[in-house]
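Student: Could you walk me through how to read a few features of a protein model? I would like the general idea, then the case at hand.

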Amino acid sequence: MLTRWTERFCVVKESFLLYYDKSEKKHYESKKMFNIHPKGVIPLANCCIEKWDETGKPGFKITHASFKTGNLVMAARTPEERDNWIKILQECSKITWNNAQLGAAQIKQLEEKTNRINKERTEYIEKLQLEMEARKHEEGQKEELEKLSKKLEEEKAAMTNVANQFKEEKEMTAQELLDAMEAMKKLDEERTNLDSASKELEQNLRKAAEEKAKQEDELRRQQAEKERLAATSNELKSHLDSVEERANRLANEKQKTEQQLQENKKKAQVFEEEKKKLLRTATEAQLNLEEIAAKKMETELELDRTAGVLEIETKERKRLEKRLRLAEDSLKRLDHALRDSG
């Protein structure tokens with residue numbers, strides 16, 4: 001069972017079913033004019049229109065052997081409206097180009113038959129007249145001539161009746177042909193309108209295709225630009241990663257340098273303390289040297305005074321000389337240390 005319906009405003013024109021959007025009904029009611037651009041056109045010629053109760057609504061089905069997408073199922077609001085639509089569509093399905101051609105062919109055949117009968121009747125009358133005249137001249141009998149005249153009149157009346165019948169049939173067929181030709185004229189006008197609508201639709205489709213091609217070109221250009229920007233972004237990201245890595249490396253090196261500076265600073269403080277200690281030691285050694293020199297002078301003076309004390313002084317002198325050498329070594333080491341730290 002069908003579950004999805006789309007409401008349409010439908011119009012029957014000759015042997016075509018035109019359907020529009022449901023909003024077209026208001027336009028028609030206000031303007032009394034149809035839009036020449038329907039959403040679809042269904043040719044009804046030789047179509048089969050029948051009730052279809054499987055829709056769950058008052059429905060009917062339109063079928064034709066040439067329909068490639070399947071049968072067309074429609075529904076009305078009421079069963080009465082559905083029956084009226086079926087009747088109208090069945091009548092419209094009978095108006096076809098083949099029927100019009102068939103009517104024209106029949107009229108042509110009737111005309112040919114009428115002409116042939118008229119010709120035969122004329123020939124027959126002429127033949128009777130010749131026979132009558134021949135018999136009149138040859139026999140001279142009035143009775144035979146009257147019989148022939150009567151027979152001729154009867155044949156003439158019969159031929160006249162036949163000719164009248166053919167004339168009536170010809171007129172009726174001609175009227176039917178005129179009606180069919182009028183219908184075909186309307187169909188041609190409608191076909192012309194549909195051709196115009198189709199050409200306009202083709203132009204719109206071509207314009208839409210061109211616009212679509214332009215949009216596709218623009219999309220491709222934007223895609224290429226996007227890819228280029230993506231590649232540039234990747235390059236910038238890679239460069240940024242490289243810069244960040246370099247910055248991290250520099251930060252690490254800076255941290256190491258700062259640590260090294262702190263260590264050097266600590267070493268400098270240690271050297272400064274060592275320098276101060278060495279300066280104090282040198283000062284003390286200088287004082288000791290001065291004291292030793294003074295004592296040496298005193299000792300030398302006392303050596304002259306006291307010979308008994310010579311041996312003691314000699315020992316004392318050796319001890320003082322040893323201390324002097326130690327003090328000189330300390331001064332040298334201090335001097336080297338000051339040079340290294342400078």
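Tutor: Gladly, and let us start with accessibility: a residue is buried under 20% relative accessible area, exposed over 50%, and partly exposed in between (1.4 Å probe, protein chains only). At 32% relative accessibility, Glu218 therefore counts as partly exposed. This is a predicted model, where local features need pLDDT of at least 70 and side-chain atom pairs count only at pLDDT 80 or more, while totals for chains, interfaces and linings use all residues. Residues are numbered from 1 along each chain as its sequence is written, and side-chain values use heavy atoms, with hydrogens and water left out.

Student: Which residue meets Glu218 in a salt bridge?

Tutor: A salt bridge is a side-chain nitrogen of Lys or Arg within 4 Å of a carboxyl oxygen of Asp or Glu. By this rule the model has ten salt bridges. The partner of Glu218 is Arg221, at 2.3 Å from N to O. Arg221 is partly exposed too, with a relative accessible area of 47%. Helices (H or I, at least four residues) and strands (E, at least two) are DSSP runs, numbered from the N terminus. Arg221 and Glu218 are three residues apart in helix 4 (residues 142–305), so about one helical turn separates them.

Student: Where does the salt bridge between Arg77 and Glu7 sit in the chain?

Tutor: First the distance: the closest N and O atoms of Arg77 and Glu7 are 3.3 Å apart. This pair links distant parts of the chain, with Arg77 in the loop between strand 6 (72–75) and helix 2 (79–92) and Glu7 in the segment before strand 1 (8–13), 70 residues apart. Arg77 is exposed, with a relative accessible area of 60%, whereas Glu7 is partly exposed at 44%.

Student: Is Arg82 buried or exposed?

Tutor: Arg82 is buried, with a relative accessible area of 8%. Its salt-bridge partner Asp53, with closest N and O atoms 4.0 Å apart, is exposed at 62% relative accessibility. Asp53 lies in the loop between strand 4 (48–52) and strand 5 (59–63), and Arg82 in helix 2, 29 residues away.

Student: Now the sheet. In what order do the three strands lie?

Tutor: Strands of a sheet pair through backbone hydrogen bonds, either parallel or antiparallel. Two strands count as paired if DSSP finds at least two bridges between them. Here the order is 4-5-6 in an open sheet, and the pairing is antiparallel. Strands 4 and 6 stand at the edges with a single partner strand each, so one side of each is left without a neighbour in the sheet.

Student: How many bridges join strand 4 to strand 5?

Tutor: Five bridges join them, and four join strand 5 to strand 6. Cys48 has Thr63 as its bridge partner in strand 5. Lys51 stands opposite Phe60 in strand 5, and Phe60 in turn stands opposite Met74 in strand 6. In the hairpin of strands 4 and 5, with six residues between the strands, Gly56 takes a positive phi near 85 degrees.

Student: What covers the faces of a strand, and which residues of strand 5 lie on each side?

Tutor: In a regular strand the side chains alternate between the two faces of the sheet. In strand 5, Gly59, Lys61 and Thr63 are on one side and Phe60 and Ile62 on the other, all buried, so both faces are covered. Because five of its five residues are buried, strand 5 is largely enclosed by the rest of the structure.
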